[in-house]
Amino acid sequence: MTDEHCTTHGWSIIESAATHSQLAGVLAGFLFTGIVFLFGRTNRDNNQTIALVTATFFVLALDSYEYSIIAGNKPAIENLAAQCSLIWSQMMPAAGSLGVGAMALSAAVAWMLAGHVEAQAGHGPDRALYRLGGLVVSMMIGGAMLLLIATSLDYLESAYGDRPLTWGIVTPVFGLAIMAASMTVAVRRTVRLTGSAGVPLALPQNLPIATYATIVYGIICLVFTGVISLMGVDSNEGPNVVVVAGSLLLGLLAPGGVGILIARSVPTG
């Protein structure tokens, strides 16, 4: 940490937090508009899509608030290492929430594309839109997980002054394994869909589970951020092992778990 903005490798989590807060807020606003639009559609999968979009709106709205908390921090110059590490601990669930919101948003887009194809079933199913939906989900999961892995490694460096060998190896291994599993599931479900005889689509049981998991995850992240604020980011001591473990759980592992549920919720035949 080189200054009061908690700059690490030329990048400040405090200065970037305001932009991330605006991004999450804008996405949440678009999703609210999408919810209103979806109320006017009558295809049979519409209720599940509305539920998923609503959950995504919820987690992104909370994420915007979490980033605004980070943007308001100003650590003391004489104790940058400890205080910036605690601010990084707030950053982890905020970054994870943004990743989960992006993955859930892509799944909602896949369902809307599939619903459009189903509505046009009399003209023959459009396989290109099916493939596009699956591609968007798999690429969003892969991109989000790679960014969360990089963020987790930077967090370890901020918490310990370097990247501990064990954590530095286990973190990307687990992250890459979850990413590969999620993308594989999404691709396989899309292949099944494009290879099926046609519509109607099969409603997966995992779609409601993914919806509720997204909501619960968003609430837990908000509580975790609030607890760290109550602990005080002006503390003279950095995050303990419980805080570090919780930050990695909410910033990498939990988003990966939700990503697997989202991948299993991709439309299939």
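Welcome to the tour. Among contacts in this protein between residues at least 6 apart in sequence, 84% join residues at least 24 apart. Keep in mind that you are looking at a predicted model.

**Stop 1: the whole chain**

Follow the chain from its N terminus and the elements come in the order β-β-α-α-α-α-α-α-α.

What percentage of the 269 residues count as buried? The figure is 49%.

**Stop 2: the disulfide**

Next, select C6 and C84 and show their side chains. A disulfide joins these two cysteines, with an S to S distance of 2.1 Å. A disulfide is a covalent bond between the sulfur atoms of two cysteines. A search of the whole structure finds one such link.

Where do the two partners sit? C6 is in the segment before β1 (7-8), while C84 belongs to helix α3 (residues 80-119), so the pair ties together parts that are 78 residues apart in sequence. Turn the view to look along the S-S bond: the angle about this bond is -85°, and the link of C6 and C84 is left-handed. Are C6 and C84 buried or exposed? Both C6 and C84 are buried.

**Stop 3: a nonpolar patch**

Go back to the surface and select F58, I219, V223, V227 and M231. Together they form a nonpolar patch on the surface with about 420 Å² of accessible area. Which helix gives the most to this patch? Helix α6 (residues 206-231) does, contributing four residues.

Now highlight F58, which lies in helix α2 (residues 46-71). F58 has a relative accessible area of 30%, so this residue is partly exposed.

For another cysteine, select C221. Its relative accessibility is 0%, so C221 counts as buried.

**Stop 4**

For the last stop, select L23, which you will find in helix α1 (residues 13-38). L23 counts as partly exposed because its relative accessibility is 41%, a value between the cut-offs of 20% and 50%.

How many Å apart are L23 and S64 in space? The C-alpha atoms are 7.7 Å apart, although L23 and S64 are 41 residues apart in sequence.

Definitions and conventions. Residues are numbered from 1 along each chain as its sequence is written. This is a predicted model: local features need pLDDT of at least 70, side-chain atom pairs count only at pLDDT 80 or more; totals for chains, interfaces and linings use all residues. Side-chain values use heavy atoms; hydrogens and water are left out. Helices (H or I, at least four residues) and strands (E, at least two) are DSSP runs, numbered from the N terminus. Buried means under 20% relative accessible area, exposed over 50%, partly exposed in between (1.4 Å probe, protein chains only). Contact means heavy atoms within 4.5 Å. Patches are made of residues with over 30% relative accessible area and no salt bridge: like charges are joined within 9 Å, nonpolar side chains (Val, Leu, Ile, Met, Phe, Trp, Tyr) within 5 Å. Accessible areas come from the Shrake-Rupley method with a 1.4 Å probe; for residues, only the protein chains shown count as cover. A salt bridge is a side-chain nitrogen of Lys or Arg within 4 Å of a carboxyl oxygen of Asp or Glu. A disulfide is a pair of cysteine sulfur atoms within 2.5 Å.
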